[in-house]
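Please read the following points with the model open beside you, and check each one against the residues as you go.

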Amino acid sequence: MNTPAQTEESALSPRELARQKTRADLDWHRIERAVADRCRGPLAHRLDLTIHHTEDGAWRSLAETGEVLELLRADERLPLDGASEIRAHLSRLRKGGALSAPELRDIMKALGCARSLRRFLATRKDRLPKLRGSCGFDPSLDNLLSELEMAIDENGQLLDNASSELKRLRNEIAVLRGRIIRRLEAMIIERESVLQDRFYTEREGRYVLPVRRDAHERLSGIVHGSSSSGASIFVEPQEIVNQGNRLKMAISELAREEARILAELSEITAESVASLAAAADAIDHADLRQASALLGLELGAQVPERRENATLRFKRGRHPVLALDGVDVVPCDIEIAAGEGIIISGPNAGGKTVSLKTAGLFAMMARAGIPLPAEEVALGFFPEVLSVVGDDQSIQSNLSTFSAHVTHLSRICKVAKPGSLILLDELASGTDPKEGAALAAALVQHLLGRDAAMLVTTHYEALKVLAADDARLRNASVGFDVEKMLPTFELIWGVPGQSGALVVAERYGLPEAVVSAAKAGLPEGARRYEAMAQSLLEKERALSVARDQAEERKVQLTKRSAKLDERAKKLEERQEQVLDKEASKLKRELQELRGELRKAKKALRTEGGVESIESARKRIEEAAAKAATLQAEAKAEVGALKEGELAIGQRVYVAHLKSEATIVDVMDGGKVRVAVGAIKVIVDSSKLGRADRRAASKTATSRGRSQGRSGGGRLNRARTPRTSDNTLDLRGMRADDAVGMLGSFLDRLFGADLANGYIVHGRGTGALRRAVREALDRDETYLHKYENAAKDEGGDAVTVLYFR
């Protein structure tokens, strides 16, 4: 009679049984759980990680994950927060059922998340083209969301505006309830003598008072029960019975109206159930791709390069499950293709099985769209990954260890197809060594003949010899440090491994005579094999030394190249510093020139007579000539920009603004939109020059100028109120940009003969205010003084200017 387990197994095909065995052998559930833990939506609670059985499906998933991985590296994430599970709700709608308000709220949350995802993908369609293509759904669902939002709030309650009748009934209930409560509160005072306590409560939806048992006949009304102790009788006073009846009827009408509205909303929602299912699938799909990318990011993994054939090659690959557990994994290199095999041998606990499982997990993770933790990795598509790892003795199935092992091998022989990756741990062990070795060799050759790729771990010498003789096979071994009696976990190619049993026995104290007798008892073939293996190991070590030397030379050359690059960079920085000094010199001369112009203007205002005017005219002409010279020098220094050199985000110099700006849009017709602090203007591209690349880092200096100037007394002018014409708002601007605009502002206000002006710089860190006041301290032409505004005008966030 079959057990339940046997009955369940018999219902599965050999291929499905083989796949189950592989997932169990490789701890696939750990990978699945790791991805689920990184999901942000409802998928986290029901993830069944898909292992694609088609090459296109696998590579599409990897490409989508790769797009999200780059997004994460740019510190961006898909907007997937807030989505609720709606699949059960959709199932009920398909059957014609109605949803409750909280369930419709779940639909709203899913729709909101889907809308955010669609918009996010649309704005990044160049960066996420493949993911966007896989997450399409009906955009008209936005209309459904808007309709639901008009009826249901974020807490899952119907809004008053869902219908006029609903609003009327709720208002009526509120009024009735208010009247009843006010009357009860009055009765608590009036009839205190018959009450057990000073409160009212509800029984069966009716408002009642707690009346003493010995006094309930003194309060006319309807009894609705008693307290658990029997000391209180809950009485609905007669004078509120009619109001209570009306309240009860209104509540019933309200329930019917709410049910009607919910049924109507459910019917509207049911019309879009197919589109809703597609939106839910899109959210799950995006969540899976992001969770896979997050896992890859944490493991330092990458999307593999694609190969057309069933091949796997990686360098410094790490076992992902061990890496998740925080184990300091020794990386390994593996290269294998269909029709090839690797025989891995060496001491127990040396890492043979870890290498085998790493290769298997890499092949399966790639088919699931998960990046692989290796420095370099390339692979093709393996249609099946099949394994026999571990001791599968089964008491229920009456199978010994070897019988269970052979059962799995038989199943693999049935289902293996060309290009399958087959992992066999301790192949054909657990029986007579000679028969086991012969069976192992026959199985390896049979499966290679089926064009499978194979990794086999073994202690059988016959398999190691076969790998040396058969061009389709290669030997590999795990290292063992005899001095420390510890495995190194490194995979050494081209060298069959030694079990090291006799060396270990001698090291751990077995009598020398026993070990010597054991060595003498080894067959001649075994001794020749040990000698051959030792010779190969020495050659491999020599090659390893040569490789290390070559790598060291490569590192040295790389460092030398880096030093040369650094020298070139320093030379470039020195050249820039020279240019910066020249630019600073020009700026100082321009500031001096501005002062000359201001003095000339002042002379025209304050001095009379022909001589004064002639003198001022000469000073202006001299200043204009000097300005032309400086402008030519500055233009030569800054250099005009060609239209093809302009790019969004580029820093430029705007001549007529006397300020640097950032390009925010390159427009047609040679026009460019630039941002000067918080201000955006459109300028001709021919007016732009190359920006000074220095980072402005000015140190705050003395602030005593304000106090020094405030002692001279005010001019006899009435202070003008603050208007848009006499106010300069610098909030949000960089200090350099703000100071650049300040000069033009002073020129304009002084020329308009205003008594005072206002500069709004805000408080913040105080850096902008200090920069403004340092610039004002340098003025020697216009200002009489400046001071903080009055408290009701902004206080120290505003500076008031008083002109001479």
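1. The largest nonpolar core has 68 residues, where a nonpolar core is a set of buried Ala, Val, Leu, Ile, Met, Phe, Trp, Tyr and Cys residues joined through side-chain atoms within 4.5 Å, and buried means under 20% relative accessible area, with exposed over 50% and partly exposed in between (1.4 Å probe, protein chains only). The residues with the most contacts inside this core are Leu-78, Leu-90, Ile-107, Leu-111, Leu-121, Leu-148 and Leu-265. Helix H6 (residues 101–123) gives the core its largest share, 11 residues; helices (H or I, at least four residues) and strands (E, at least two) are DSSP runs, numbered from the N terminus.

2. This is a predicted model, in which local features need pLDDT of at least 70 and side-chain atom pairs count only at pLDDT 80 or more, while totals for chains, interfaces and linings use all residues. Residues are numbered from 1 along each chain as its sequence is written, and side-chain values use heavy atoms, with hydrogens and water left out.

3. Which residues does Leu-148 touch, if those up to four places away in sequence are not counted? Leu-148 is in contact (heavy atoms within 4.5 Å) with Leu-104, Ile-107, Met-108, Leu-111, Leu-265 and Thr-269. Apart from the core described above lies another one, of 53 residues, and among them are Ala-359, Phe-362, Ile-370 and Val-478.

4. For the chain as a whole, there are 23 helices and 23 strands, and buried residues make up 42% of the 804 residues. Of the contacts with a separation of 6 or more, 67% are between residues 24 or more positions apart.

5. In helix H3 (residues 28–37), the buried residues are Trp-28, Ile-31, Glu-32, Ala-34, Val-35 and Ala-36. The cover over the buried residues of H3 includes helix H2 (14–25), helix H11 (273–299), helix H12 (320–324) and helix H13 (352–367).

6. Strand E2 (residues 206–212) deserves a careful look, since six of its seven residues are buried. Strand E1 (residues 201–203) runs antiparallel to E2 and is joined to it by three bridges, and two strands are said to pair if DSSP finds at least two bridges between them. Glu-202 has Tyr-207 in E2 as its bridge partner, and in the hairpin of E1 and E2, with two residues between the strands, Glu-204 takes a positive phi near 55°. E2 also pairs with strand E4 (residues 232–237), in the antiparallel sense over four bridges, and there the bridge partner of Arg-212 is Ser-232.
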